[in-house]
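Keep the view open beside you while you read, and take the points in order.

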Amino acid sequence: MTKEVLVSVKGTQLMGEENDTIEIITSGTCYEKNGKQYILFEEAIGDAGDVTRNTVKIEPDKVEVTKRGLVESHMTFERGKKNMANYVTPVGLIVLGLTTASLTVTENEKEIHIGIKYSLEMNGEYISDCSMEILAKAREKGGLHLT
C-alpha cells in the first residue's frame with residue numbers, strides 16, 4: 001500500500017425504519033509498523049473549521065479509531081466484544097459502549113477496506129445499531145478516484 005491515500009469514512013446509524021448516514025472524503029497517509037497498518041487523516045468539524053486528527057490502527061481481529069482535537073476519543077472494535085470509550089466533545093463527555101457484531105478488513109496493494117457493524121450505547125443506554133466503512137485508496141497519478 002502506498003503512503004499517500006484518499007480516505008472515505010461512511011458512518012450509518014440505523015434507527016427503526018430510518019438511517020442517518022454521514023460520509024467524509026479526505027486525503028491521508030497509510031503505513032505499516034510492527035505488523036499493524038495505520039491510516040491517518042484529518043477532518044474539519046463545525047463551521048469554524050476546527051480540525052480533528054484521526055488514527056485508524058488495524059490489527060488482525062481489532063480496529064482502533066483515535067480522535068484528537070476538537071473531539072477526543074479512543075474507540076476499539078473487536079468482533080463479539082463490548083468495549084467502552086470516552087467521547088469528549090466541546091459540550092461534555094459521553095460514555096460510549098461499542099459491541100462489535102462484525103469486523104472485516106480486506107487489503108491489497110492499492111487499498112484497504114474496513115467494514116464494522118456494531119451496537120451503540122450512550123451513558124449505559126442502547127441507542128442504535130450502526131455501521132462504519134473506511135476505505136483508504138492509493139492516490140492514482142493524474143487524479144484521485146474512489147470507486
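1. A word on the source. What you are looking at is a predicted model, so please read each value below as computed from that model.

2. Where β1 meets β10. These two strands pair in the antiparallel sense, over 10 bridges.

3. A residue worth a stop on β10. I134 sits in strand β10. Is I134 buried or exposed? It counts as buried, because its relative accessibility is 2%, and the cut-off for buried is under 20%. I134 and V9 are 125 residues apart along the chain, yet their C-alpha atoms are separated by 4.6 Å.

4. The other side of β10. β9 and β10 run antiparallel and are joined by 12 bridges. Within this pairing you can look for E121, which stands opposite Y126 in β10. The hairpin made by β9 and β10 has two residues between the strands, and N123 takes a positive phi near 50° there.

5. Two asparagines in loops. N123 is not a glycine, but its phi is positive, at about 50°. N34 also has a positive phi without being a glycine, in this case of about 55°. Where do you find N34? Look in the loop between β2 and β3; N123 is in the loop between β9 and β10. N34 is exposed because its relative accessible area is 66%, and N123 counts as exposed because its relative accessibility is 54%. The cut-off for exposed is over 50%.

6. The largest pocket. How much space lies in the largest pocket? The value is about 800 Å³. It is lined by 25 residues, and those closest to its centre are G11, I22, K67, Y87 and Y118. Several strands give two or more residues to this lining: β1 (4-15), β2 (18-33), β3 (36-45), β5 (62-69), β8 (92-107), β9 (111-122) and β10 (125-138). Sorted by class, the lining of the largest pocket has 17 nonpolar residues, five polar ones and three charged ones.

7. Cysteines. How many disulfides does the structure hold? The number is zero. Two cysteines to look at are C30 and C130. C30 is buried, because its relative accessible area is 3%. C130 also counts as buried, because its relative accessibility is 5%.

8. Finish at the hairpin of β9 and β10, where N123 has its positive phi.

Terms used
Residues are numbered from 1 along each chain as its sequence is written. This is a predicted model: local features need pLDDT of at least 70, side-chain atom pairs count only at pLDDT 80 or more; totals for chains, interfaces and linings use all residues. Side-chain values use heavy atoms; hydrogens and water are left out. On a 1 Å grid over the protein atoms alone, a cavity is a set of points where a 1.4 Å probe fits but cannot get out, and a pocket is an open set with protein on both sides within 12 Å along at least five of seven lines; lining residues have an atom within 4 Å of a point. Grid points are joined across faces, edges and corners, and a volume is the space filled by probe spheres set on the points. Helices (H or I, at least four residues) and strands (E, at least two) are DSSP runs, numbered from the N terminus. Ala, Val, Leu, Ile, Met, Phe, Trp, Tyr, Cys and Pro count as nonpolar, Asp, Glu, Lys and Arg as charged, and the others, Gly among them, as polar. Two strands pair if DSSP finds at least two bridges between them. A disulfide is a pair of cysteine sulfur atoms within 2.5 Å. Buried means under 20% relative accessible area, exposed over 50%, partly exposed in between (1.4 Å probe, protein chains only).
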